[in-house]
Amino acid sequence: GISHTVKELVQYVFGTLNLDWKKYVGIDQRFWRPDELVHLKGDSTKVKKVLGLELVYSFETMLDEMIKHWMEKLG
C-alpha cells in the first residue's frame, strides 16, 4: 500500500553506502516517456486474502537485504 519512486530507491541505497548518488546517477531526458502515468500502485488485498500472505519486508528492509547480499558477494 506504499509507493516509492526510483529516486527514493537510489537515494536510500546510495545513502546506506555513504555515497553521493548525484556523482554516479544521471537523468537522460531522451528516455522519459511523455505519456507516463503519474502514479502506479498495485493492490495486494486479494492475494493477501486468498493466499493468506502477509507483508514480510518493508521497502527499507528489502533494500537492506539486497545491499547486504551484494556486499557479501562482491566485497
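What percentage of the 75 residues of the protein count as buried?

**View 1. Burial and accessible surface of the predicted model.** Of the 75 residues, 9% count as buried, where buried means under 20% relative accessible area, exposed means over 50% and partly exposed lies in between, with a 1.4 Å probe and protein chains only. The accessible surface, computed by the Shrake-Rupley method with a 1.4 Å probe, comes to about 7,200 Å², and 60% of this belongs to carbon and sulfur atoms. The model is predicted, with local features needing pLDDT of at least 70 and side-chain atom pairs counting only at pLDDT 80 or more, while totals for chains, interfaces and linings use all residues. Residues are numbered from 1 along each chain as its sequence is written, and side-chain values use heavy atoms, without hydrogens and water.

**View 2. Helices and overall dimensions.** The protein has three helices and zero strands, helices being DSSP runs of H or I with at least four residues and strands being E runs of at least two, numbered from the N terminus. The C-alpha atoms fill a box of roughly 45 × 40 × 15 Å along the principal axes.

**View 3. The loop that holds Tyr57, and a nonpolar patch.** Tyr57 lies in the loop between α2 (45–51) and α3 (59–74), and counts as partly exposed because its relative accessibility is 40%. Together with Val56, Met62, Met66, Trp70 and Leu74, Tyr57 makes a nonpolar surface patch of about 670 Å².

Terms used. Patch = residues over 30% accessible without salt bridge, like charges linked within 9 Å, V, L, I, M, F, W, Y side chains within 5 Å. Salt bridge = Lys/Arg side-chain N within 4 Å of Asp/Glu carboxyl O.
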